[in-house]
Amino acid sequence: MSLEHTWPAWGLDEAGRGPILGPMTLALVALDAEPAAHLRSLGVQDSKRFGAGPKAQELRASLAVEIRRLARVCVHIEIHVDVIDEHTFRGQLNVLEQRTALKLLADSGAPEDAHIIADGCRIFTPLQRSYPRLCAVDKGESAHVAVAAASIIAKHARDEAFAAIAARYAPEFGPIAGGGYLNAATRRFLDAYNKVHARLPPEARKSWGAEKLDAGDQLSLMPE
């Protein structure tokens with residue numbers, strides 16, 4: 001498939017596939033040529049390059065406002081932890097992303113011949129059965145501004161979701177950093193929560209450890 005500049009261009013991307021804490025988001029952004037050029041001039045790029053700190057979140061938030069103002073379509077779906085767990089335990093996380101992407105496209109009125117660029121070759125290539133002109137590529141946010149815009153919308157939605165989780169538990173456990181990835185900050189929170197409640201918080205993905213934790217780490221996060 002070609003990434004020729006055909007407009008409107010529909011960009012599709014996700015955020016939050018890897019964390020142990022919080023939801024995953026998928027976003028769809030459709031751009032015409034002039035808005036795409038303007039967003040490119042504002043520095044729209046892969047939102048992951050912005051980092052995870054407060055300044056990065058502020059930058060994503062400000063760009064998200066401009067994307068929503070200029071885009072022909074700008075929508076996202078938040079996939080909750082229980083749905084992620086259900087599909088991951090069955091080995092169907094990719095299927096979940098595919099179905100969610102198809103729902104976004106259908107609900108947004110994307111025509112069958114829409115020029116769609118999706119970030120994730122292995123995950124989204126099967127969508128060509130429904131949208132023959134869809135081009136699924138790795139690092140799609142670097143390949144097309146519409147995907148970069150979708151990446152920012154998805155990451156900003158994920159930022160807000162994690163901020164709500166952190167605020168919910170801050171009175172009991174203090175500030176929660178780490179963005180929900182299994183780093184030292186997130187592990188401290190999970191261990192502290194487990195010590196008090198003898199279980200993981202409801203926002204934690206119970207399926208995460210099945211693929212990404214070794215046996216010792218799995219045991220450290222399970223109720224005693």
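Colleague: Before we start, what counts as a strand here?

Modeller: A strand is a DSSP run of type E with at least two residues, and strands are numbered from the N terminus. Asp119, for instance, lies in strand E4, which covers residues 115-119. Keep in mind that this is a predicted model.

Colleague: Fine. How many helices and strands does the chain have?

Modeller: Ten helices and five strands.

Colleague: And how much of the chain is buried?

Modeller: Of its 224 residues, 49% count as buried. The accessible surface of the chain is about 10,700 Å², and carbon and sulfur atoms account for 53% of that.

Colleague: What share of the contacts joins residues at least 24 apart?

Modeller: 69%, taken among contacts between residues at least 6 apart in sequence.

Colleague: Is Asp119 buried or exposed?

Modeller: Buried. The cut-off is under 20% relative accessible area, and Asp119 has 15% relative accessibility.

Colleague: And Asp13, buried or exposed?

Modeller: Asp13 also counts as buried, at 3% relative accessibility. Its place is in strand E1, residues 9-15.

Colleague: What is Asp13 in contact with?

Modeller: Setting aside neighbours within four places in sequence, its contacts include Asp119, Glu141, Val147 and Thr25.

Colleague: New topic: helix H1. Which of its residues are buried?

Modeller: In H1, residues 33-41, the buried ones are Pro35, Ala36 and Leu39. They cover an arc of only 100° around the axis, which puts them on the same side of H1.

Colleague: Why would residues three or four places apart point the same way?

Modeller: Because an α-helix has 3.6 residues a turn.

Colleague: What do the buried residues of H1 pack against?

Modeller: Strand E2 (24-31), helix H2 (54-70) and helix H7 (145-173).

Colleague: Which exposed residues are on the face turned away from the buried side?

Modeller: Glu34 and Ser41 are the exposed residues carried on that face of H1.

Colleague: Last one. What is the phi of Gly43, after H1?

Modeller: Gly43, which follows H1, has a positive phi, near 95°.

Technical notes: Residues are numbered from 1 along each chain as its sequence is written. This is a predicted model: local features need pLDDT of at least 70, side-chain atom pairs count only at pLDDT 80 or more; totals for chains, interfaces and linings use all residues. Side-chain values use heavy atoms; hydrogens and water are left out. Helices (H or I, at least four residues) and strands (E, at least two) are DSSP runs, numbered from the N terminus. Buried means under 20% relative accessible area, exposed over 50%, partly exposed in between (1.4 Å probe, protein chains only). Contact means heavy atoms within 4.5 Å. Accessible areas come from the Shrake-Rupley method with a 1.4 Å probe; for residues, only the protein chains shown count as cover. The arc is that of the directions from the helix axis to the C-beta atoms.
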